[in-house]
Amino acid sequence: MVLEKVNYPEDIKKLSKEELEQLARELREFIISVVEKTGGHLASSLGVVELTIALLRVFSPPEDEIVWDVGHQSYPYKILTGRKEKFHTLRQYGGISGFPSIKESPYDAFGTGHSSTSISAALGIRVAKRLKGEEGKVIAVIGDGALTAGQAYEGLNNAGQLGEDLIVILNDNEMSISKNIGAISNYLTKLTTGESLRRAKERLEEVTKKLFGEKVYKGLKRVEDLIVKGLFPPGMLFEELGFRYVGPIDGHDIETLETTLKNVSKMKGPTLVHVLTKKGKGYRPAEERPDKFHGVSPRKSSPEPRPPTYTEVFATTLIDVAEKDERIVGITAAMPSGTGLDRFKERFPGRYFDVGIAEQHAVTFAAGLSKEGLKPVVAIYSTFLQRAYDQIIHDVALQELPVVFAIDRAGLVGEDGATHHGAFDLSYLRAIPNMIVSAPKDEEELRHLIYTAIKSGKPFAVRYPRGRGYGVKIREPLREIPVGSWEVLREGKDLLILATGWPVYQALKASEELLKEGVEATVVNARFIKPLDEELLKGLAERHRFIMTVEENVVKGGFGSAVDEFLAPWYCGKLVNLGIPDRFIEHGSQELLRKIVGIDAEGIKKKALQLVKLRSS
């Protein structure tokens, strides 16, 4: 076993060509065996095994700094940089992260959980090294899907302008998470449809048809396309941005990769190496369906019937409503399967838009659609919607355009950790004028809130968690919920619990346990965070000396803060806010993390008992 004797980059440099090939095979087997148990990003990491080996043969991190974009490509790198023995703890609480983390290892040059940041970060590192007089190369490894986001081009533009000794490796596997939108292949299309080329092709077509006839022309059409693309290679874009372009080269040929990288390491100025890889390489199911094996869940022995996921319920609801309203369109930022919009695409292909990894564009694009009378529904993960904050404010809310934001993965998402927790959306959205912000207590209420949002004619956000619902009965037909209305689920005289989103049922369960302790709690489903149900809140607050708010969002600026602000001028009782504390929460299962921050039934009960004990003080 070659992998057994490899722990750090210097070990790889001692291996023969045959041993390197064996190492690549063993690495893939090792990654597959662990990810089957822990879950994780499989296909992307399998695709960069040879590239990782070549990088570590040529460069010497941590002195040479390698930035992976996005970090789901980094499993082979983690294993070969001192974390092989810990790899079985991947994405587990207290274990290693599924993404690069500067707190985890000096070999991780930069934390990368979101796409398209590597070039900007690597350029900053490169400039800092020069200013400090330090040695060492800086390399950014960016997936082709990341080139659909504007920040990648901002970084490329600035790097070309500064002329720094920066190496960018474009890992081109023709897939990001789903089929790429607007990457290298589309760039070629743009080249071949330019004005000067168009005229040349029209002239060539005219001459060919005249000399050889229509039948022969059709046979030469393919040759023409090959000639044109050969004259205008993909490197033209990067050369125009100030980069020296190298490639494309086979990303699974270690010897070629190593030779190329050695040569590139001696070059001055910004250089881009175009590497062709196959996502899921070495594992047939992942090669055939790389989108399905981008992120995989731990393998379970005997699957049992379970409630639908919130994502599935959202998709079904949107399709149901769109069947009756042809103005509804669905928009995703390169996450069709993750958001459920792949099902919408199957039913309404002409009303579905995947804009690539470009959240800012997705929001402003939706604003344009809305301005013309359509009803856009933008489905984006909470953590990625943060990237479009200015567009939400300036292009949607300021103009009061009715855009629906279906915010998936809100709250603690689990094993993907701090970069992916949707911990801030209630805080950053409720500060925006004209926005309606809501959170369903269960999957059934999600359906009605999506329907309400589409019918409202307002900028409207519906945020819901990752994972499966509570298994409640889905009531039909769809109905509008009065905007700003709350729901009293239980009456009690001792304590008022205002819960929003996933914690609502946890609050109900806690209230049942509190009864055994002699404490009666009123439990309210505060399904609207903005606007609050001020009339109901005022009446309830007047009857309760103790109030507790519970949310799966940071406490700072969230739902609890909204209640605090409303009650501050006159309420004289004791008020406590439960939610995600003012720190970044690490990776672990959703159940464990919710327990740790105290928003499950046990945590709510414990805090409630502490609160009501103040009665005797």
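Student: What should I keep in mind before we start?

Tutor: This is a predicted model, so local features need pLDDT of at least 70, side-chain atom pairs count only at pLDDT 80 or more, and totals for chains, interfaces and linings use all residues. Residues are numbered from 1 along each chain as its sequence is written, and side-chain values use heavy atoms, with hydrogens and water left out.

Student: How many helices and strands does the protein have?

Tutor: There are 25 helices and 17 strands. Both are DSSP runs numbered from the N terminus: helices are H or I with at least four residues, strands are E with at least two.

Student: What makes a residue count as buried?

Tutor: Buried means under 20% relative accessible area, exposed means over 50%, and partly exposed lies in between (1.4 Å probe, protein chains only). Of the 617 residues, 57% count as buried.

Student: Why is the pair of Phe-353 and Phe-365 called edge-to-face?

Tutor: Rings of Phe, Tyr and Trp (its six-membered ring) pair if their centres lie within 6.5 Å; planes under 30 degrees apart count as stacked, over 60 as edge-to-face and the rest as tilted. Phe-353 and Phe-365 are 5.3 Å apart centre to centre, with 80 degrees between the planes, so the edge-to-face label follows from the angle being over 60.

Student: How do you know that the charged end of Arg-351 sits over the ring of Phe-348?

Tutor: The test asks for NZ of Lys or CZ of Arg within 6 Å of the ring centre and within 35 degrees of the ring normal. The charged end of Arg-351 is 4.3 Å from the centre of the Phe-348 ring. Lys-538 also lies over a ring face, that of Trp-570, at 5.1 Å from the ring centre.

Student: What makes Asp-416 and Arg-91 a salt bridge?

Tutor: A salt bridge needs a side-chain nitrogen of Lys or Arg within 4 Å of a carboxyl oxygen of Asp or Glu. The closest N and O atoms of Asp-416 and Arg-91 are 3.0 Å apart, so the pair passes the 4 Å limit. Asp-416 lies in the loop between β9 (404–408) and α19 and Arg-91 in the loop between α5 (75–83) and α6, so the bridge ties together parts 325 residues apart in sequence. Asp-416 counts as buried at 19% relative accessibility, and Arg-91 counts as buried at 8%.

Student: How do you know that Glu-487 forms a salt bridge with Lys-441?

Tutor: Their closest N and O atoms are 3.3 Å apart. Glu-487 is in strand β12 and Lys-441 in the loop between β10 (436–438) and α20 (443–456), so parts 46 residues apart in sequence are tied together. At 24% relative accessibility Glu-487 counts as partly exposed, while Lys-441, at 7%, counts as buried. Salt bridges that share partners join Lys-441, Asp-442, Glu-445, Glu-487 and Arg-527 into one network.

Student: Which residues does Leu-374 contact, leaving aside its neighbours within four places in sequence?

Tutor: Leu-374 is in contact (heavy atoms within 4.5 Å) with Arg-327, Val-329 and Leu-369. Leu-374 and Val-329 are 45 residues apart in sequence, yet 7.3 Å apart in space, C-alpha to C-alpha. Leu-374 counts as partly exposed because its relative accessibility is 30%.
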